[in-house]
Amino acid sequence: MKVLIVEDETIAYEYLSELIVKVDPDTRIVAVTESISQTVKWLQNNPAPDLIFMDIHLSDGSAFSVFDLVTVETPIIFTTAYDEYAISAFKVNSIDYLLKPVEEKDLRRAIEKFRRLTTSEKSEYIEQQARTALPGGYYRKLLVAHRDNLIPVSVKDIAYFYTSDHQTSLCTAEEKKFPYNKTLDSTSQHLDPGLFFRANKQFIVSREHVKNITIWFDRRLLITLSVETPEWIYISKNKAAEFKEWLMAGGVTSVCNPFCRGRGKQASLPDQRGMV
């Protein structure tokens, strides 16, 4: 296990590093940073460690500022000598919170807790951390599981979320598809409503990737995205006005009748016979 320690006191760093190795001999301390600026620079220029031990009170301010400056893609265990930081620590969904001086039993408990986390649980912790730096607590990046790895995906690069047979997936602008371990109901709560719209029970769509909309005979809307979708995306007539208002707030997109051409990857329309 590779560990980064964020600590501005030499004695505290040396004590913690020795204790970590004692509790978990397989751990390797890859670096120590002493300030917000050092931590941000290190995270920007190095592969993400497996775990971060982070002192909250640093020489140049609160460590929570790190989340405003860089995407942290690693679970955190916070350490501090001040009880009043405990609530803030848990607000960023840290793995654990250790009060200084750190005791061996508490450290062992925290590391064991981290070791027991599944890939999806680690992803959940990291996403919660990322939300703390955003207005409204909306996701900026998602971590998706791919084999034994976690892959960061920027929310702005996501074209749509899709669910079928109780399985959720997402698709990027480059048409890369990944399974996603949350329902659309849960996902929609953490996406900026100015950027994403819950089209129906199967889809959440990104405004940036809506190519055009077709006005259907029964007053539904048929949505075409800039990427291929597994099925047609319909907006019910009850949500049509809301969708058009949302879409127009981000700029004009093309609107056509059911016989318009040039619809990109979804060139053929479904049979309209029998529709009112």
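**Entry 1. A first bridge**

I began with leucine 4 and found that its bridge partner in β2 is alanine 31. The model I am reading is predicted, and I keep that in view throughout these entries. I then looked up the strands around this bridge: β1 covers residues 2-6 and pairs with β2 in the parallel sense over five bridges.

**Entry 2. Confidence and overall content**

The pLDDT of the chain averages 81, and 79% of the residues score at least 70. Over residues 259-276 the pLDDT is below 50, although this stretch has 38 contacts in the model beyond near neighbours in sequence. Where pLDDT is low, the predicted coordinates should not be read in detail.

Which elements mark the two ends of the confidence range? I found the lowest confidence in helix α4 (residues 86-91), with a mean of 48, and the highest in strand β14 (residues 203-206), at 97.

For the overall content, I noted eight helices and 18 strands in the chain. Of its 276 residues, 46% count as buried. I also looked at contacts between residues at least 6 apart in sequence, and 57% of these join residues at least 24 apart.

I followed the pairing onward from β1. Four bridges join β1 and β3 in the parallel sense, and the bridge partner of valine 6 in β3 is methionine 54. β3 and β6 also run parallel, with four bridges between them. Here I noted isoleucine 52 opposite isoleucine 76 of β6.

**Entry 3. Strand β3 and its two faces**

I asked how many of the residues of β3 are buried. Five of its five residues are, and the strand is mostly covered. In a regular strand the side chains alternate between the two faces of the sheet. I looked for this pattern in β3: Leu51, Phe53 and Asp55 point one way, whereas Ile52 and Met54 point the other way.

Leaving out residues up to four places away in sequence, I listed what aspartate 96 touches: Ile76, Ile77, Phe78, Arg109, Ala110 and Lys113.

**Entry 4. Serine 206**

I moved to strand β14, where serine 206 is found. Serine 206 has 3% relative accessibility and therefore counts as buried. The side chain of serine 206 reaches the backbone nitrogen of glutamate 208 at 3.3 Å. Beyond its neighbours within four places in sequence, serine 206 is in contact with Ile158, Ala159, Leu195, Phe196 and Trp246.

**Entry 5. Aromatic pairs**

Searching the whole structure gives eight aromatic pairs. One of them joins phenylalanine 197 and phenylalanine 243 edge-to-face, with 5.2 Å centre to centre and 75 degrees between the planes. This pair links distant parts of the chain: phenylalanine 197 is in strand β13 (residues 196-198) and phenylalanine 243 in helix α8 (residues 237-248), 46 residues apart. Both phenylalanine 197 and phenylalanine 243 are buried.

Phenylalanine 243 also pairs with tryptophan 246; the ring centres are 5.5 Å apart and the planes stand at 40 degrees, so this pair is tilted. These two residues both lie in helix α8, three residues apart, about one turn of the helix. Tryptophan 246 is buried, as is phenylalanine 243. Elsewhere I noted a cluster in which ring pairs link Tyr160, Tyr162 and Phe203.

Technical notes: Residues are numbered from 1 along each chain as its sequence is written. This is a predicted model: local features need pLDDT of at least 70, side-chain atom pairs count only at pLDDT 80 or more; totals for chains, interfaces and linings use all residues. Side-chain values use heavy atoms; hydrogens and water are left out. pLDDT is the predictor's confidence in each residue, from 0 to 100. Contact means heavy atoms within 4.5 Å. Two strands pair if DSSP finds at least two bridges between them. Buried means under 20% relative accessible area, exposed over 50%, partly exposed in between (1.4 Å probe, protein chains only). A polar contact is a pair of N or O atoms within 3.5 Å; within protein, one must be able to donate a hydrogen and the other to accept it, and residues adjacent in sequence count only if both atoms are side-chain atoms. Rings of Phe, Tyr and Trp (its six-membered ring) pair if their centres lie within 6.5 Å; planes under 30 degrees apart count as stacked, over 60 as edge-to-face and the rest as tilted.
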